[in-house]
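User: I would like to learn how to read a protein model one feature at a time. Please give the general idea before each case.

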Amino acid sequence: MPRPILIVHGGAGTIPEERHAAAVEGCRRAAQAGWSILEAGGSALDAVEAAVRTLEEDPTFNAGRGSVRTRAGTVEMDALIMEGTTLRAGAVAAVRRVCHPIVLARAVMERTPHVLLVGPAAEALAELLGLPMADDAELAAPRDAMGGALLRADGPVDLREVLARALSEPMDTVGAAAMDAAGRLAAAVSTGGMSNKWPGRVGDSALIGCGAYADDHSGAAVATGWGETLMRVVIAKTACDFMALGLSASGAVTAAIRLLEERVNGRGGLIAIDREGRIGIAHNTPHMSWAWTDGRVLEAGIRAPERVRGLVTGESGAARARG
């Protein structure tokens, strides 16, 4: 059986240099939290939840206690968790006051007959289950000061302006993918949304196949970036489909990011684990914080390392299939 492995990310974008060390160290801590589950014989599902929960506690990242505000000044969060054996999944969208949206997403999967709950109904479930709650002041990141709405009510929005603004800030969705000792795969993602977004806006993070996807028959992938473009190419499922066709995790995420850029001029990043237990990291933004471990080594960084970037332009089909 493949050796257990776990990989996390802390968001893609232009991360200010003064935040590099905190972003890398936060990913390192999350990887250690997830690995402690796998090392004890726990499931990939438990491991990705633990890793993302750790990231939600860190105000460095735009998730949980580091979330950003909508144009109405509120905090609205999305999350998704999925396991690859039976394709079970749970998600929440536009939820407020919930300290750990990823825990609530898992509760949707395991405690209800549904896959996705939104807004006040999801918050009511959190209260019913006694999950930790907090107000906007506790959840909003002090660094959330972009200035100027991303959306205007007085006319059409220039998408080039939106992209430029998005690229000027880190897109701090957080996520994790893991394979356990039984070869089971899982993926999880959580976000505090887009700064100054229209209230009620839901991005890729709550949508199966967009923010994350896991299938034991192919791989697990987790996305970060400009959600409006990630959704249009269903990027996490696309990466898993590439792995099902024979690409390694590294080749699959690089191919999916290339597709994102070529088809919808999107920006973002992906992490993945294929069914052989190989990892992939790719992004077309200046930075993406990440960490991975298999128990023997723990590596972390702010840019994808060369050896796992995958596809090279001009590579033959046979070479791509070998990964």
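Analyst: Start with burial: a residue is buried under 20% relative accessible area, exposed over 50%, and partly exposed in between (1.4 Å probe, protein chains only). The model shown is predicted, so local features need pLDDT of at least 70 and side-chain atom pairs count only at pLDDT 80 or more, while totals for chains, interfaces and linings use all residues. Residues are numbered from 1 along each chain as its sequence is written, and side-chain values use heavy atoms, with hydrogens and water left out.

User: Is Arg 96 buried or partly exposed?

Analyst: Arg 96 is partly exposed, because its relative accessible area is 30%.

User: What does Arg 96 form a salt bridge with?

Analyst: Side chains of opposite charge can pair when their charged atoms come close. The term salt bridge here needs a side-chain nitrogen of Lys or Arg within 4 Å of a carboxyl oxygen of Asp or Glu. Arg 96 forms one with Asp 136, and their closest N and O atoms are 2.6 Å apart. This pair links distant parts of the chain, 40 residues apart: Arg 96 is in the loop between S3 and H3, and Asp 136 is in helix H5 (residues 136-139). Asp 136 counts as buried because its relative accessibility is 13%.

User: How many salt bridges does the structure hold?

Analyst: The structure holds 16 salt bridges. One of them joins the side chains of Asp 46 and Arg 106, at 2.6 Å from N to O. Asp 46 in helix H2 (residues 44-56) and Arg 106 in helix H3 (residues 101-111) are 60 residues apart, so this pair also links distant parts of the chain. Asp 46 is partly exposed at 31% relative accessible area, whereas Arg 106 is buried at 12%. Another salt bridge is formed by Arg 296 and Asp 294, with 2.8 Å between the closest N and O atoms. Arg 296 counts as exposed at 60% relative accessibility, and Asp 294 is buried at 8%. Salt bridges with shared partners also join Asp 46, Glu 49, Arg 53, Arg 106 and Glu 110 into one network.

User: In what order do the strands of the open sheet come?

Analyst: Strands of a sheet pair through backbone hydrogen bonds, either parallel or antiparallel. For two strands to count as paired, DSSP must find at least two bridges between them. Here eight strands form an open sheet with mixed pairing, in the order S4-S3-S2-S6-S5-S1-S11-S12. S4 and strand S12 (298-301) are the edge strands, each pairing on one side only. From one strand to the next, the twist averages 10°. Strand S11 (residues 287-293) pairs with S12 in the antiparallel sense over four bridges, and Thr 293 has Leu 298 in S12 as its bridge partner.

User: Which helix packs on the sheet and touches S11 and S12?

Analyst: Contact means heavy atoms within 4.5 Å. Helix H1 (residues 20-39) packs on the sheet and touches strand S1 (5-13), strand S5 (174-179), S11 and S12; its direction makes about 155° with that of S1. For such angles, axes are lines fitted to C-alpha atoms, for helices over the stretch in contact, and the values run from 0 to 180 degrees between N-to-C directions.

User: Where is Ser 289 found?

Analyst: Ser 289 is in strand S11. It is buried because its relative accessible area is 0%. Leaving aside neighbours within four places in sequence, Ser 289 has contacts including Val 8, His 9, Ala 23, Phe 61 and Ile 302.

User: How many residues of S8 are buried?

Analyst: In a regular strand the side chains alternate between the two faces of the sheet. In strand S8 (residues 219-225), seven of the seven residues are buried. Gly 219, Ala 221, Ala 223 and Gly 225 point one way, while Ala 220, Val 222 and Thr 224 point the other way. S8 pairs antiparallel with strand S7 (residues 212-215) over four bridges, and a hairpin of three residues joins S7 to S8. Ala 212 stands opposite Val 222. Seven bridges join S8 to strand S9 (residues 268-274), again antiparallel.

Key:
Helix = DSSP H or I, 4+ residues; strand = E, 2+ residues; numbered from the N terminus.
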